[in-house]
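Hi,

Here is the structure I promised to pass on to you. Have a look at it first, and then read on for what turned up.

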2 protein chains.
Amino acid sequence: MTASVIDGKATAATIRQEVARAVERLKAEAGLTPGLAVVLVGEDPASSIYVRNKNKQTVEAGMASFEHKLDEGTSEADLLALIDRLNADPAVNGILVQLPLPKQIDSAKVLAAIDPAKDVDGFHVVNAGRLATGQDALVPCTPLGCVILAKQTLGDLSGLEAVVVGRSNIVGKPVAQLLLQENCTVTIAHSRTKDLAATCRRADILIAAVGRPEMIKGDWVKPGATVIDVGINRIEGEGGKGKIVGDVAYDEAAAVAGHITPVPGGVGPMTIACLLRNTVTAAARQNGLSSPFAG
Amino acid sequence: MTASVIDGKATAATIRQEVARAVERLKAEAGLTPGLAVVLVGEDPASSIYVRNKNKQTVEAGMASFEHKLDEGTSEADLLALIDRLNADPAVNGILVQLPLPKQIDSAKVLAAIDPAKDVDGFHVVNAGRLATGQDALVPCTPLGCVILAKQTLGDLSGLEAVVVGRSNIVGKPVAQLLLQENCTVTIAHSRTKDLAATCRRADILIAAVGRPEMIKGDWVKPGATVIDVGINRIEGEGGKGKIVGDVAYDEAAAVAGHITPVPGGVGPMTIACLLRNTVTAAARQNGLSSPFAG
């Protein structure tokens, strides 16, 4: 068997189109232009690229983009004051603070200061709690992207065995909550799991979110399973050139799996698309409307 | 094999002693008497018995107990006003609103109004979020009781396969989070799980929290496993007399398991003991001290 490749780029493009249509409707029917504020402190080159992409895609979807670039030396108090202003600004429906922050700033304190209703990254404790208790939440973007890809590939996920490898707050734990909402039987595995290979082999849906290059081998994959690889690891490729690989040994796994996400081009492109989707959801809910997106 | 019986009554008594000692230390070293306010609306007989037991055990542990009995016809506004007063009262470290509430009152709204720092039931969304993200939380009492019993029975739980049957917000989901913190490989199973018997048979630790009398059969239990039964189901026994049974077919399971909680006398007595423990933890944290209890 050779797995069919799950095209995250194409799905992300479809989501961006859905977002653009939802934005048009909000403008026409509610006089509302969703707005996303992105805050970048310092000059980290990778962060700068992310922020530029986010702004570009926000504008392309018809939304307002507010970019706040602060000096590397910005104090925590000044950043918190900015967050307060953004919380109070009705034109701003979503607030994203690009991580990592410089070390004079306590990231946890800053994330906790964001109004949960505008927390489009879904990292605020109130959104984690709402997700954990099955209430309407703003859900972290990468987990949301994983589940959208799985549902698009498999349809109804009810009753399927899902195994999540990794238990981070930003991917592993929220993706487990989302899969549980989809009525999967969910196992969370991690570094202390005794027989990780056997645990992975139980999975109809295998989510790899450990951040270790090619750790999950082909014979850890159940024949026909759907493999969603969240890992983005930079390793040294041939001739000393940098190369991006996932947490799954792709070629081996693709020989066994039914469906598999590539790295890059799988989960990666979904993240910003889901950020835009969250911003529209946040804008709608802040104005007493329900989210225009299903599931 | 015949399972050894996990004595929840004895463990609960030990916890109450630990609580009483911690209260004495807080009084002597910090001049602090932890206080628990219990709010009962109406005359439900079962609720009245629970509240009486809670108050009695609170006082026996050396703490202050504040009982608020409100008329069945109390308005939501009046109850919310009481919650506000209790939130503001420094003598009250824990607030428990006995459920169910009469139907003119929105329970979710009332629970959300409790200061998360005083939410000793652990049902507030902020405590659910803190638990879900591995921060200090006030943890729901029954799940906490389950994990204390498992640790007391097995010691270090790291690497063990835990299967939680049931995904309620008050037991299944929080107990899964706690077992994950103990480094178990955790599976959450439920009504949509395809082969529930086989899934249960994987468990080194099996937590039954479905609320269906004797649903989990003896041959669903892995030989030697530790079985923690959260169910409290009233069924018709011999001669038409009422009888309390758990979610596990006890006699069958006890023939296979290594350790098992009885019903009654297993998880049940742990709940109030953990409530007292949470009240002391809340009192300590509200006064800038750390919880006197490990784990």
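This is a predicted model: local features need pLDDT of at least 70, side-chain atom pairs count only at pLDDT 80 or more; totals for chains, interfaces and linings use all residues.

Let's start with one pair of strands: strand E7 (residues 205-208) and strand E8 (residues 226-229) of chain B run parallel and are joined by four bridges. Strands are DSSP runs of E with at least two residues, helices are runs of H or I with at least four, and both are numbered from the N terminus; two strands pair if DSSP finds at least two bridges between them. Within this pair, Ile205(B) has Thr226(B) as its bridge partner in E8(B).

Helix H6 (residues 141-154) of chain B lies across E7, E8 and strand E11 (259-260) of chain B, at about 160 degrees to E8(B). Such angles run from 0 to 180 degrees between N-to-C directions, with axes fitted to C-alpha atoms, for helices over the stretch in contact.

Residues are numbered from 1 along each chain as its sequence is written, chains are lettered from A and ligands numbered from 1 in the order written, and side-chain values use heavy atoms, without hydrogens and water.

Now to chain A. Gly166(A) sits in the loop between strand E5 (161-165) and helix H7 (172-181), and it is buried (under 20% relative accessible area, 1.4 Å probe, protein chains only; exposed is over 50%, partly exposed in between), at 7%. Ser168(A), in that loop between E5 and H7, is partly exposed at 28%.

Enjoy exploring!

How values were computed: Contact means heavy atoms within 4.5 Å.
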